[in-house]
Amino acid sequence: MNGRRLASFVAATIAAAATVTAQDPDLLDLIDANELAEWRVLGPFPSPEHAGLDIPFIDEQSPDLTKSHALPDGDLLEWRAVDAEHPLPDGKKCRLDHVLGDWDTVYLWRTIRAIGDHEAIIGLGFDDSAALWVNGEEVFRRKANQGVTVDQHALNVQLQTGDNTVLLKVVNDRGASGFAFRLTDQIAGQNRWGAGIEDDGHASYAISTVPLPDDIVLEVGGLLFRPDGSLLVACRRGQIYCIHNPAERDPEKLEISTFAEGLHEPLGLYLEADGALLASQMPEMTRLRDVDGDGRADEYETVTAAWGLSGNYHEYHFGPVRDAAGDLWATLNIGFPSGKGDELRYRGSAYRLGPDGEFQITCYGLRSPNGLLVNDAGDVFYTDNQGEWMDVCRLSHLRPNRFYGHPVAKPWAEAMSDFGWATEPTPPAIWYPYHLVRSASWPVVDRTDGAFGPYAGQIILGDQNNSLLVRTTLERVGDTYQGACYPFWQAFGGGINRLAFDADGVLYVGLTNRGWGSVRGMAHGLQRFEFQGTTPFDLLEARVTQDGWEIEFTKPLSPESNLTPRHIRVREYGYRYWSTYGSDEFDERNIDVLDARLSADRKRVALRCGPRQIGKVFQIQFRGTITSADGEAPITQEAFYTLQRLPGS
């Protein structure tokens with residue numbers, strides 16, 4: 001791609017990507033009516049693979065908008081003004097497909113005019129890598145390979161009176177590229193939790209690292225507490241370790257032994273009533289027993305190996321868990337790219353083992369089902385990962401004979417003599433927004449009876465890519481599970497793959513990069529996440545009603561909290577079911593908030609809203625000042641509710 005091709009690019013798509021949103025009345029006094037000048041664009045600059053972000057093609061601190069830049073082929077690049085005649089709504093993503101080829105870099109420049117000195121927040125999203133300068137100072141840089149989502153990052157910036165310059169550098173890897181830019185005074189929740197709550201004085205929880213010896217590599221694939229309090233840890237490299245005293249803080253006193261080894265990427269553990277251990281290896285479900293009582297497994301029994309292997313690295317096997325009827329459930333990954341090795345039977349399925357050990361395929365169309373969960377009703381759920389035919393990460397209720405969306409499983413399923421199963425995709429209970437969850441892992445239910453804080457009965461989910469935890473609440477409307485997810489806690493050391501509560505309510509967090517990478521630096525390890533006894537102020541739960549939602553907080557709200565409809569935003573959007581890897585947010589619209597009423601105990605807010613569509617996600621955002629009666633700010637001020645069914649329908 002060269003400078004001549006840039007001239008033919010559809011200008012409005014870039015310029016429309018940013019608008020100001022006044023989320024608090026004070027912002028109106030600080031931003032000029034013409035606060036965002038039009039974008040100017042320079043590029044594309046071809047660059048070596050993975051190198052564009054590190055190459056300064058221009059003076060990035062003080063760009064000269066009158067200067068031309070020569071390319072190796074003799075073309076000249078010049079800054080071009082881009083005029084948006086039809087601006088898109090606030091925060092819309094803008095595609096750069098017309099501008100950027102593989103490994104290309106583009107610069108975008110504009111000004112923000114402020115009436116007074118003040119701090120603002122820029123909501124930034126990009127595909128694939130980006131850097132940002134405000135008034136010549138670099139405020140952000142990240143090298144990644146990702147899709148673009150609105151408000152992937154919340155950046156606190158200091159604006160000065162008058163014109164403030166903004167330079168955005170976007171670097172593409174392969175395929176589509178784009179960005180989203182939004183100026184605001186607040187991105188609810190993200191400006192607190194996105195920076196790492198351990199740094200902002202929040203006293204409710206603490207993260208600590210289990211002091212493992214240097215020669216122990218815990219690329220965690222399974223976590224399981226035994227009745228004696230010891231912790232079994234399955235690892236990518238084939239070992240199962242036993243940490244006999246995982247609460248120990250002194251590395252000299254930590255006791256670790258090897259329970260089993262030689263396994264093939266174990267990704268799940270389950271303890272049977274007689275003390276035998278089930279492990280999900282790639283090729284089989286294995287039962288391990290310590291027959292002689294020396295602390296090491298000396299009997300390895302194949303429970304089932306009905307699916308086979310092709311050698312594709314992506315043929316993972318997850319589980320098991322046991323449902324209310326006593327059946328064991330486990331799941332099988334598809335190959336990657338999809339179709340590689342998927343001619344094998346049962347790829348992309350969930351299977352059951354009954355009390356008699358009989359292998360039974362139960363449902364199909366799963367992609368990368370990295371987590372399993374049984375709720376208090378005994379129903380089984382699984383987490384799936386974004387990819388082709390999988391719009392974003394999700395939590396779904398597993399039901400026999402259902403199809404969950406990935407068509408690579410259809411040939412072997414339809415060849416079964418007793419097929420007759422559903423062929424239309426089963427909607428999930430929860431869609432997780434991409435900026436929160438990019439690689440969903442193992443969920444756990446808080447059954448600690450308050451030892452973990454105010455979230456009893458809620459689901460805690462780890463994200464491997466973002467190194468964070470999100471909360472999830474489910475409710476059943478008729479025979480349909482649906483509910484909401486909430487930003488919870490960031491700042492863990494690496495990618496979160498497995499979670500387990502101990503008897504005291506401490507959440508153990510198993511880390512691994514597994515070659516995939518994560519936003520934090522620890523390639524592997526084990527951390528503790530402990531409630532400190534002080535109940536946090538937080539948005540606890542969103543529950544659907546016939547005409548809106550009831551929002552409950554953990555503590556009473558202060559009289560000063562902004563609870564008028566203008567301070568509450570409800571945004572509706574959908575995802576696309578297609579072969580593209582992941583989905584954008586489409587069919588977006590704001591839902592009218594007609595009324596907001598506070599309960600007598602000041603802990604619940606009833607929202608009455610305009611018409612809503614089922615099969616959509618609803619971002620419910622408290623955009624004004626929200627504090628508890630004690631003056632605390634909440635951990636999060638937003639919920640993302642997946643609406644599959646209205647009450648009474």
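## The second largest pocket

Six strands each contribute at least two residues to the lining of the second largest pocket: S16 (220–225), S20 (269–271), S24 (317–322), S28 (371–374), S32 (440–445) and S36 (496–501). Of these, S16 supplies the largest share, with five residues. The structure is a predicted model, and the pocket within it has a volume of about 700 Å³.

In total, 24 residues line this pocket, and those nearest its centre are Leu224, Trp442, Val444, Arg447 and Leu499. Sorted by class, the lining consists of 17 nonpolar, four polar and three charged residues.

Asp391 belongs to the loop that joins strand S29 (380–384) and strand S30 (394–397). Is this residue buried or exposed? Asp391 is buried, because its relative accessible area is 6%, and the cut-off for a buried residue is under 20%.

The side chain of Asp391 forms a polar contact with the side chain of Trp431, at 3.2 Å. When neighbours within four places in sequence are set aside, the residues in contact with Asp391 are Gln386, Trp431, Tyr575, Arg576, Gly582 and Ser583.

## Confidence of the model

The protein chain has a mean pLDDT of 86, and 87% of its residues reach 70 or more. Over residues 1–35, however, the pLDDT is below 50, and this stretch has 110 contacts in the model beyond near neighbours in sequence.

Residues 186–201 also have a pLDDT under 50. For this second stretch, the model contains 55 contacts beyond four places in sequence.

Key: Residues numbered from 1 in each chain as written. Predicted model: local features only at pLDDT ≥ 70, side-chain atom pairs only at ≥ 80, totals over all residues. Heavy atoms only, no water. 1 Å grid on protein atoms, 1.4 Å probe; cavity = no way out; pocket = protein on both sides within 12 Å on 5 of 7 lines; lining within 4 Å. Points joined across faces, edges and corners; volume = space filled by probe spheres on them. Helix = DSSP H or I, 4+ residues; strand = E, 2+ residues; numbered from the N terminus. Nonpolar A, V, L, I, M, F, W, Y, C, P; charged D, E, K, R; others polar. pLDDT = per-residue confidence, 0-100. Contact = heavy atoms within 4.5 Å. Buried < 20%, exposed > 50% of the residue type's maximum accessible area, 1.4 Å probe, protein only. Polar contact = N/O pair within 3.5 Å; in protein donor to acceptor, adjacent residues only side chain to side chain.
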